[in-house]
Amino acid sequence: MFSLSKRQFLRLSGLAIADRLLPWRLRAQEPEPRAEGDLKIILVTFGGGVRYAETFAPEGLRNIPRLRALRSEGRFFKTCINSGVLSHYNSTSSIVTGNWQRVDDFGFGRAASPTLFERYRKASGAGPTDAWAICTNKSFATMGAGRSRDFGEPFGANVVLPKQLLLEAVSGVIARAPAAGVADRANVLRRLENILNAGYEGIGWTIFEGGRRLDRQVKDTLTRSLVEYIHGPEAPSSGDELTFFVAREVMREFAPRLMLVNFWDMDVAHWGAYSLYLQAIAKTDRLCGMLWDEAQTNPAYKGRTLMLTLPELGRDGDADTANGFLNHRSGDPSCRNTWMLALGAGAAKGETDRPIAHVDICATAAELLGVKLGETAGRPIAELI
Ligand SMILES: [Zn+2]
């Protein structure tokens with residue numbers, strides 16, 4: 001599909017490292033020995049907002065051939081309920097904190113309670129390359145750590161926003177290297193437009209808060225790397241493909257024990273084109289399958305990985321004539337009632353009818369990692385413990 005050399009990726013992945021150090025330097029100084037058999041957990045948001053009707057409902061199965069096939073290999077939870085704020089940031093933040101979050105939805109606030117990343121790293125002493133969040137949604141720069149003073153960024157996940165990086169890279173090309181030639185710039189723009197068109201905001205969004213704090217040198221390096229990447233032979237054609245690619249590189253390079261992968265392209269539905277929404281669902285299905293393929297073939301993950309895949313929220317029902325599939329604000333069951341597929345270590349094959357909730361994911365993962373959560377809204381899911 002597409003590839004990036006290890007050298008390029010290492011330069012790229014310096015983004016938002018919580019303690020301001022580049023990861024390859026950390027690796028050189030502090031190798032992190034891991035006991036054999038350590039469980040690894042990958043949380044995947046089948047994200048951007050998708051309804052049951054286009055996924056695991058009988059009429060939706062045609063959109064998700066990979067997950068449909070994988071359903072019988074793991075444990076399928078038929079009802080996973082989002083009882084919180086129906087926005088992307090809050091819904092995802094609730095998944096990674098175990099508490100229903102209600103913060104600014106543009107990523108300028110932080111979760112009121114610590115994330116699983118912080119809890120895990122503080123409790124275990126795990127290093128900064130052991131927890132990552134790779135996110136298509138540009139507002140997720142603060143997804144790696146909440147605002148609790150006892151935790152915070154020193155214990156948080158590395159957050160990488162690959163699509164945002166690419167956007168900044170192009171701005172850099174246009175602004176700083178006019179001598180590169182019109183043909184090259186046109187090429188960059190053409191490729192980037194394909195990626196940007198997959199998100200409903202389009203061109204012109206603001207730089208996320210985390211980006212402004214990036215070390216200048218790291219940022220310049222990232223920009224250069226991405227420009228090289230764009231000119232490579234196999235550039236990805238959507239934000240989620242780039243997120244998948246970076247997530248897979250993180251798995252291969254750092255083998256973190258805990259990772260969030262946020263897909264988001266299907267939120268293109270806000271534009272009102274049902275066919276684009278369906279295309280994005282099919283692509284997310286394919287990428288989730290490829291992520292699971294990697295977890296089954298990568299020696300660091302094979303046989304010891306639990307991958308939990310769920311939509312962070314649904315979309316409005318067709319009965320809601322004011323909105324339909326376009327939005328996700330009505331609060332009707334089509335918005336709140338989703339599903340979860342658990343694959344791999346500890347997920348006994350079968351299906352569970354009783355409802356679980358988005359906040360239960362964090363509680364479950366914490367239990368499996370041996371981390372005490374304290375008071376949370378979520379409860380460990382018995383079928384996975
Ligand atoms: Zn949306």
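A: Helices H4 and H13 are roughly parallel to each other, because their axes cross at roughly 25° and angles under 35 degrees count as roughly parallel, over 145 as roughly antiparallel, 65 to 115 as roughly perpendicular and the rest as oblique. The two axes come within 5 Å. An axis is a line fitted to C-alpha atoms, for a helix over the stretch in contact, and the angle, from 0 to 180 degrees, is taken between N-to-C directions. Helices (H or I, at least four residues) and strands (E, at least two) are DSSP runs numbered from the N terminus. The model is predicted: local features need pLDDT of at least 70 and side-chain atom pairs count only at pLDDT 80 or more, while totals for chains, interfaces and linings use all residues. Residue numbers start from 1 along each chain as its sequence is written.

On the H4 side, Ser-94, Ile-95, Val-96 and Thr-97 meet Val-359, Ile-361 and Cys-362 of H13. By class, this contact has five nonpolar, two polar and no charged residues. Here Ala, Val, Leu, Ile, Met, Phe, Trp, Tyr, Cys and Pro count as nonpolar, Asp, Glu, Lys and Arg as charged, and the others, Gly among them, as polar. Two residues are in contact if their C-beta atoms, placed from the backbone, lie within 7 Å.

H4 covers residues 88-97, and ten of its ten residues are buried. Buried means that 20 or more other C-beta atoms lie within 10 Å of a residue's own; 12 or fewer means exposed, and in between is partly exposed, with C-beta atoms placed from the backbone. The cover over H4 includes strand E1 (40-45), helix H5, strand E5 (258-262) and H13. After H4 comes Gly-98, with a positive phi near 80°.

H5 (residues 116-124) also meets H13 (residues 359-369): their axes come within 10 Å and cross at roughly 15°. This angle makes H5 roughly parallel to H13. The crossing is right-handed here too. Leu-116, Arg-119 and Tyr-120 of H5 meet Cys-362, Ala-365, Ala-366 and Leu-369 of H13. Six of the residues in this contact are nonpolar, none is polar and one is charged.

Next comes E1, where six of six residues are buried. Lys-40, Ile-42 and Val-44 point one way from the strand, and Ile-41, Leu-43 and Thr-45 the other way. In a regular strand, side chains alternate between the two faces of the sheet. E1 runs parallel to E6, to which six bridges join it, and parallel to E5, with five bridges; two strands pair if DSSP finds at least two bridges between them. Ile-42 has Met-307 of E6 as its bridge partner, and Thr-45 stands opposite Asn-262 in E5.

Leu-308 lies in E6 (residues 305-310). Leu-308 counts as buried because it has 25 C-beta neighbours inside 10 Å. Leaving out residues up to four places away in sequence, Leu-308 touches Leu-43, Val-44, Met-340, Ala-342 and Ile-361. Its C-alpha atom is 9.5 Å from that of Ala-365, 57 residues away along the chain.

Definitions and conventions:
A crossing is left-handed if the near helix is turned anticlockwise from the far one by less than a right angle, and right-handed if clockwise.
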